[in-house]
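Dear colleague,

Please find below the structure that I am handing over to you. My notes on it follow.

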Amino acid sequence: MNLSKKILEIPHSPIRRFYVYSNEAEKNGKKVYQLNIGQPDIKTPEVFFEAIKKYDKEVLDYAPSQGIPVMIDAIKKYYARYGMDYKDDQILITNGGSEAIMFTLTAILDPGDEVIVVEPIYSNYATFITAADGKMVPITTVAEDGYHYAKKELIAKAITPRTKAMIVTSPGNPTGNVLTKAEMRMICDLAAEHGFFIIADEVYREFVYDGREMASMGEFEDAGQHVIIIDSVSKRFSACGARVGCIVTRNAELYSNILKLCQGRLSSPTLDQVGAAALYDLDPSYFDEVKKEYEHRRDVVCEELAKIPGIVCEKPAGAFYITVKLPVEDAEDFLIWLLTEFDDNGETVMYAPAEGFYVTPGLGKNEMRIAYVLKEKDLRRSAELIRLGIERYNGR
């Protein structure tokens with residue numbers, strides 16, 4: 001019996017598939033600093049757990065397919081703080097941002113429809129676009145230019161009669177790139193001119209640094225029929241395991257049809273929504289401290305990486321990722337070597353090779369993505385291990 005062609009085309013995660021080497025290294029007594037996955041170590045706010053403890057119904061029943069009212073209300077209030085007015089029938093609660101992306105693509109793509117993506121991409125976009133029978137059309141960015149892409153002529157070249165959507169991730173994973181409001185406006189205007197959707201993945205919205213102003217595609221109400229916001233509590237509140245996300249759109253036809261998919265999977269977890277709703281009630285000052293901590297970690301990583309001869313990187317403007325070009329020929333081979341043959345005082349390090357974040361074959365082979373989600377001391381040591389590893393690897 002044969003499996004589907006599309007499932008065979010979907011690659012394994014470039015983030016998670018190296019755990020076999022990491023696990024073996026740890027079994028052999030090595031300490032492995034994990035920089036490969038965006039799992040924050042920031043404490044999940046206590047209000048999440050308190051809200052769940054206070055839940056006093058005798059039966060844990062299905063939630064409404066679109067989400068429980070308290071969760072939808074919490075999201076409405078959150079966006080209202082930033083001047084965006086959304087109604088109940090413009091918000092759908094999902095099982096994390098991943099389901100939000102998957103449902104959105106399923107609702108808008110026919111076989112062969114094209115989605116513009118910016119490479120290096122968040123790798124799961126490739127999974128979900130392929131699963132929805134879509135085709136990725138990449139805009140390629142480079143380390144030497146800080147992975148910037150928001151140029152009208154560059155995006156316009158990628159638009160064809162089959163273009164159905166563009167995925168815009170700001171702040172970005174894996175590069176930390178952040179769009180300005182003027183750049184967002186330009187993309188909205190292109191979407192209106194050519195008639196495609198903007199899938200705005202904004203799960204890192206608050207994490208912008210160096211005094212930059214937080215911005216959202218939802219601010220452009222005149223583009224409301226084109227904009228689909230993907231959001232989540234995972235990174236914003238360090239609650240990745242809660243698996244609560246949402247789709248926010250002013251497009252009534254799109255909302256109604258994505259609701260079919262929400263109904264098909266019945267509901268998102270009731271208790272996770274109860275806890276997540278409490279997170280949205282936190283005072284906005286909560287983000288000040290969290291953002292300050294991530295900005296400091298970014299500065300630490302950049303300071304330490306700058307000590308490595310031959311490395312190419314630009315300080316990211318947001319999120320908690322940095323993609324850099326390494327002075328090695330093959331970042332994947334280097335990583336496997338770090339985990340299997342290298343250690344310094346019983347310690348080594350793990351990152352995500354960036355080749356798996358590219359759509360175009362052959363690109364990113366000598367690049368890596370780091371998630372700076374560890375404390376300062378561990379980040380400095382991790383960067384030192386990368387430096388020592390490169391010296392030994394290239395000197396073999």
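What percentage of the 396 residues in the chain is made up of buried residues? Buried residues account for 57%, where buried means under 20% relative accessible area, exposed over 50% and partly exposed in between, with a 1.4 Å probe and protein chains only.

This is a predicted model, in which local features need pLDDT of at least 70 and side-chain atom pairs count only at pLDDT 80 or more, while totals for chains, interfaces and linings use all residues. Residues are numbered from 1 along each chain as its sequence is written, and side-chain values use heavy atoms, leaving out hydrogens and water.

The chain has 13 helices and 12 strands (DSSP runs numbered from the N terminus: helices are H or I with at least four residues, strands E with at least two). Its radius of gyration is 21 Å, close to the 21 Å given by the globule rule for 396 residues, so the chain is as compact as a globular protein of that length. The radius is taken over C-alpha atoms, and the rule is 2.2 Å times the number of residues to the power 0.38. Of contacts (heavy atoms within 4.5 Å) between residues at least 6 apart in sequence, 76% join residues at least 24 apart.

Phenylalanine 197 lies in strand β6 (residues 197-201) and is buried, with a relative accessible area of 18%. Leaving aside residues up to four places away in sequence, phenylalanine 197 touches several residues, including Ile108, Met166, Gln225 and Leu254. Phenylalanine 197 and glutamine 225 are 28 residues apart in sequence, and their C-alpha atoms are 8.0 Å apart in space.

With kind regards
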